[in-house]
Amino acid sequence: MALPARSPESADKWEVQLRKGSLELAVLAAHWNGPLYGLEIMRHLVDEADLIVPEGTIYPLLNRLRNDGLLSSEWVEATGGHPRKYYHLTTAGRRRVTAMARFWKDFSNSLDHLLAPLKKGNRS
Amino acid sequence: MIISPTAQRRIDDYLTEFAARLRPLSVDQKRDIVDEIRSHILEIAATGRGYINQASADAALAGLGSASDLAMGYDDFSTPACWVEESEPPARFQPWRSTFRKARRRATVAVVILATFLAYLAAGILAFSSLTKPFQAHRIGLWKIGADDFSLHLGLANSAAAPAGHEILGWSIIPLGLIGATILVSFAIRIDLRLLRLFRQSRIHLVA
């Protein structure tokens with residue numbers, strides 16, 4: 001999903017910033033149901049949230065989340081012959097993503113309230 | 001999985017450059033990161049084929065971006081600079097590492113404070129010498145005492161008479177002393193203001 005083609009450049013930048021800001025939440029939330037490896041995470045984000053994460057971004061982010069203790073990792077031998085590094089949420093990661101999700105929900109509710117007049121204006 | 005020699009060379013060159021540009025890390029950490037990127041490249045390059053040729057290897061590498069940009073991405077996501085404490089401690093907290101980091105920060109702050117104190121002190125001595133020289137010309141100055149070049153005496157002489165040896169600066173101690181004092185005070189104030197700004201912006205705890 002992207003903004004209309006006639007949007008000014010600043011609107012595109014805002015959209016990029018918004019996606020960047022929610023990336024950590026998205027990556028942590030993707031692990032809620034079980035371990036994933038890098039490519040799986042990227043595909044999951046595209047399938048579930050239409051969120052395209054550049055390959056050069058996802059791995060440094062995963063490394064940082066692991067260093068912060070929110071994810072842990074382990075190498076697993078894959079059928080293709082090369083091992084894959086799987087990540088799963090730690091206890092701290094579960095607490096963190098729960099808190100972030102709660103904040104996101106409250107924030108989006110507040111924003112929805114603010115945006116309500118715009119929706120009424122569009123209908124009329 | 002079959003990899004063509006050209007593709008293998010391309011991948012190895014990319015990973016070698018990537019590893020070289022990663023910020024200083026332990027051997028294990030670097031190997032872990034590089035292995036993960038290698039695993040990604042191999043999987044992307046072999047998708048739908050079961051073998052990797054030069055074209056598929058190049059496509060996989062292009063998706064990652066340049067090796068230097070990728071390595072820089074690990075810097076961007078690195079832990080904060082030493083002046084700023086991390087917002088939350090990691091779950092697998094290693095007390096010895098955190099203690100060492102805090103001790104190093106406090107030692108650095110202590111050294112900086114000491115350096116600025118010494119700068120203020122030296123500026124005070126220079127300013128005092130400069131301002132009192134007109135009133136105590138024979139007692140205020142910079143003397144070379146003895147044959148050893150390092151035997152210098154700055155400031156008030158102990159007795160009413162000038163000390164043995166010869167005065168080096170004479171009346172030029174006034175402008176030189178004032179200029180030196182100004183430079184030292186400016187330097188010290190800049191350092192202190194920066195320290196104060198960092199202290200306010202970060203969560204440095206100077207007291208245990």
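**View 1. Helix H2 (27-46) of chain B gives the most to the lining of the largest cavity, with four residues.** This is a predicted model, so local features need pLDDT of at least 70 and side-chain atom pairs count only at pLDDT 80 or more, while totals for chains, interfaces and linings use all residues. Residues are numbered from 1 along each chain as its sequence is written, chains are lettered from A and ligands numbered from 1 in the order in which they are written, and side-chain values use heavy atoms, with hydrogens and water left out. Helices (H or I, at least four residues) and strands (E, at least two) are DSSP runs, numbered from the N terminus.

**View 2. Here's the cavity itself, with a volume of about 70 Å³.** A search of the whole structure finds one cavity of 30 Å³ or more. A cavity here is a set of points on a 1 Å grid over the protein atoms alone where a 1.4 Å probe fits but cannot get out, and lining residues have an atom within 4 Å of a point. Grid points are joined across faces, edges and corners, and the volume is the space filled by probe spheres set on them. Among the lining residues are A:Tyr59, A:Lys85 and B:Glu36. By class, the lining has three nonpolar residues (Ala, Val, Leu, Ile, Met, Phe, Trp, Tyr, Cys and Pro), four charged (Asp, Glu, Lys and Arg) and three polar (the others, Gly among them).

**View 3. Now look at where chain A meets chain B.** The contact (heavy atoms within 4.5 Å) takes 27 residues from chain A and 22 from chain B. About 2200 Å² is buried between them, meaning accessible area (1.4 Å probe) lost when the two parts are put together, summed over both. In chain A, A:Glu55, A:Tyr59 and A:His82 lose the most area to chain B.

**View 4. Zoom in on A:Lys85 and B:Asp32, which form a salt bridge.** Their closest N and O atoms are 2.3 Å apart.

Terms used
A salt bridge is a side-chain nitrogen of Lys or Arg within 4 Å of a carboxyl oxygen of Asp or Glu. On a 1 Å grid over the protein atoms alone, a cavity is a set of points where a 1.4 Å probe fits but cannot get out, and a pocket is an open set with protein on both sides within 12 Å along at least five of seven lines; lining residues have an atom within 4 Å of a point.
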